[in-house]
Amino acid sequence: MSRFTQDVPGLSTGTGHKSPANAHSCNQHNLSQRERMLSVLGGAALFGLSVWRRKPIGLVLGGLGTALVVRGVSGHCHVYDALGIDTSRHNPATAVPAQTGVKVEKSLTIHRSAQELFQYWRHLPNLSQVMRHVKSVEVLDPQRSRWVASGPLGMTLTWEAEVFNERPDQLIAWRSLPGGQLETAGSIHFKQLEHQRGTAVTVSMKYNPPAGKLGASIASLLGRGLEQELDEDLHRFKSLMEAGEIAVA
Amino acid sequence: MKAVCWYGKHDVRVEDAPKPTIKNPRDAIIRVTSTAICGSDLHLYNGIIPSMKRGDILGHEFMGEVVEVGSQVGTLSVGDRVVVPFTIACGNCFFCQRKLWSLCDNSNPNAHLAAKLYGYSGSGLFGYSHLFGGYAGGQAEYVRVPFADIGPCKLTAELSDEQALFLSDILPTGYMAAENCDIQPGDTVAVWGCGPVGQFAIQSAYWLGAERVIAIDHVPRRLELARRYGRAETINFEETNVSQALEEMTHGLGPDACIDAVGLEAHGCSIDAIYDRVKQSSNLATDRLHALRQAIYCCRKGGTISIPGVYAGFLDKVPLGAAFGKGLKLAMGQTHVHTYLQPLLARISGQGVERFDPSYIITQRLPLDEAPQAYAAFNAQKNDFVKVVLQAS
C-alpha cells in the first residue's frame, strides 16, 4: 500500500509538508465492526485448519488465516483500500474522513482585495471558470449547490455540496454531501496584505477519488496530478481576477 | 495571409497561414505595415532557443493599423495606427502595477514551462518560442495582440513607419540599458556591441547625462554609425586591446558603467572566446559571454554593469570574484517597453526636446516575401547588416 501513497500526488512531498494522514494511511479503519469480527473468526478457523492439515495446503491455509486475523484486528483491509471500499461507519458530516483520500494545498498572491476575491469565489457558479474540470455549479440554496465535473477516464461526476463555514472576506469552507459521485472538501483562505501587495490566497482540498486510491494513481499516471491541477486552477483564478481573462497563445 | 514561419535551424519560409482572430475580449488584430528582424531572431534561426515548433510565426518588432478590437478594448479604434511592445503585459498584476511589464504574471500561457527553468516566469513575448507563450509573431500580414488596451502605442501620421517601428523593442531596450547605469554627471559609459541596441544605448547614455561614451565592436560599419550618429569614441577590439585602451582613456579609473549590448553570440579573438565557441558547438549549452567577462574586468570599482541581453540559459567562467571584489552592481532583464513608449515617442516627434530620428540604423528594406534571404544574409554577412526592415504589404 505504501507504493500507492508514494504514487499519488499530494500524499508524498506535495506542498513541502506531509499531511499527517500520509504516515498512517495504511492503518485507517475501513472495515465495519461486524466485518472485523468475521475476519478474525474466519481467520482463526482457517489457521486451526492449517495446523491440522499440515503441508502443503496447511501452509497456504495458515497464511490466509493469519492475514484474515490481522485484517480483522487492525480494521484495515488493503484490498478495500485499493478499491475505495469502506464498510466502516463514518460521520457523514466529515465528507472525506480523516486520514483518507488525497489532500492538496496551494498558496498564491493575487493583486486584488480580499473582498473582491471572496465575493467572486462565494458566487459558486464562477468556479466553473476557475476549475478547469468543473463544468457547472448550480446554486440550490444559500448553502447548497450541485456540481458537475469531468473526472478521470472520461467520467462525468455529479455531487451536491454545502458551504458549512464562511467568514466574509476571509474564509469559505465547503464539503460534498452524501449520495454524490465524489467525496470532496475544501477551504479557501483570504488574507489581505499591506503595501499594495494584494491578497494571499490559500486553497486546501481533499478528494476521495471515485475509484479509491487506484483512481488517483491512474490520474497521476496520466500526468494530471491533483496538485498540478490545483496549481493551474489557482493561476486561472489569479488571471481572471487580475487580467480579466486567461491568456491564450 | 503571408507569414514568416520557422521550420528548423537555418530554415525560415514565407507561407500561407490562417488570419488571426479575436480570442479574448482584450485582444486586437493589427494589419502589419512594417516589421523588423532582430538580432535575437537569429538565436531562433540558429536553433539556440528551445521549444520552437515547425510552422511557428516569427517576429516581435512590428507596427500597423488596427483592424479589429475585442469587446473590452476601450483605448483603440479600428483604423488607429499603432506600434506594439514586444513584451505582452496584462496591466494589473503585482509586476505590471510596478511598471515591470516584462515580468507580467498573466501573459505567458506556458508560465509553468518557463518557471521550471527560471523559478518564475516572465511575460509572454511575440514570436519567441513556446517557452515564452507560443504567441504568433509579427513578421506576417496580420497579428493578434493580447491586452491591446495596455500595449499598443498610438501614432500620428506625421511619423513614418521607419521612425516609429523601433519603439517596439530596440529603442526602449537601449534606453533602459543606459537608465540601468544610473548615470551621474561626468560619467564615462562603455558600450560593448554596436548593433541596434548598442547604437540606441549610446544615444540614451548621452541623453541621460553621460560625459563620454566609448563604443566597442569589430564591424567597421557599426563603429562608423556609433561615431557619426552616436557621437561616441570607438574601439575596434580586433585592432586594440580593449581593457588597456579603456584604462588609458579613463586615466586609470575605468569606465563608470559598462553596457553589454552583445548578449548571446559574442564574437572575440582571445582564448576565452574560442573556449565559448567550442563549448557551444559541442552542445555544452552555456551562453557565450566574452563581452560580459570583459565588461566586468574593465569596469571601475563600485561601477555598474548593465545587461540588456539577451541571455537565455546558463553560463560559466563568469568572473564573479572580480565583480564582488570591485563591488559592482549588475542590472539586467527584458525591457519594460511600456514605460518608455511615451517619453521616447516625444523624442522622435521632437516634443520639448531635440528631435531624434532612429531610422539611421536601417541598412536593408525588403518585402516580407524575401524574409528567408534576409535571415540568411543577416546571419552570414552580419557585418553589413545592421537592421533589416520588412514591408508586409
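Q: Which residue is the bridge partner of A:W174 in β6(A)?
A: A:W174 has A:G186 as its bridge partner in β6(A). The model is predicted, so local features are given only at pLDDT of at least 70 and side-chain atom pairs only at pLDDT 80 or more, while totals for chains, interfaces and linings use all residues. Residues are numbered from 1 along each chain as its sequence is written, chains are lettered from A and ligands numbered from 1 in the order in which they are written, and side-chain values use heavy atoms, leaving out hydrogens and water.

Q: Why are β1 and β2 of chain A called edge strands?
A: The open sheet of chain A has seven strands in the order β1-β7-β6-β5-β4-β3-β2, with antiparallel pairing. β1 (102-110) and β2 (134-139) each have a single partner strand, so one side of each has no neighbour in the sheet. From one strand to the next the twist averages 20°.

Q: How do you know that helix α6 of chain A packs on the sheet?
A: Contact means heavy atoms within 4.5 Å. Helix α6 (residues 114-122) of chain A touches β1, β4 (156-167), β5, β6 and β7 (199-208) of chain A. Its direction makes about 160° with that of β6(A); axes are lines fitted to C-alpha atoms, for helices over the stretch in contact, and angles run from 0 to 180 degrees between N-to-C directions. Helix α9 (residues 226-243) of chain A also packs on the sheet, touching β1, β6 and β7, and its direction makes about 25° with that of β1(A).

Q: Why is the pair A:R122 and A:E166 called a salt bridge?
A: A salt bridge needs a side-chain nitrogen of Lys or Arg within 4 Å of a carboxyl oxygen of Asp or Glu. The N to O value for A:R122 and A:E166 is 2.9 Å, so the pair qualifies. A:R122 lies in helix α6 and A:E166 in strand β4 of chain A, so the pair ties together parts 44 residues apart in sequence. Over all chains the structure holds 24 salt bridges.

Q: What makes B:D105 and A:K238 a salt bridge?
A: Their side chains meet at 2.8 Å, N to O. Across the interface of chain A and chain B, the rule finds one salt bridge. By class, the side of chain A that touches chain B has five nonpolar, four polar and four charged residues; Asp, Glu, Lys and Arg count as charged, Ala, Val, Leu, Ile, Met, Phe, Trp, Tyr, Cys and Pro as nonpolar, and the others, Gly among them, as polar.

Q: What is the area buried between chain A and chain B?
A: Buried area is the accessible area (1.4 Å probe) that two parts lose on being put together, summed over both. For chain A and chain B the value is about 1400 Å², with 48% from carbon and sulfur atoms. A:H111, A:E245 and A:A249 lose the most area in chain A, together 39% of what that side buries. The contact takes 13 residues from chain A and 20 residues from chain B.

Q: Which strands are the edges of the six-stranded open sheet of chain B?
A: The order is β13-β12-β11-β14-β15-β16, with parallel pairing. The edge strands are β13 (233-236) and β16 (329-332), each pairing on one side only.

Definitions and conventions: Two strands pair if DSSP finds at least two bridges between them. Helices (H or I, at least four residues) and strands (E, at least two) are DSSP runs, numbered from the N terminus.
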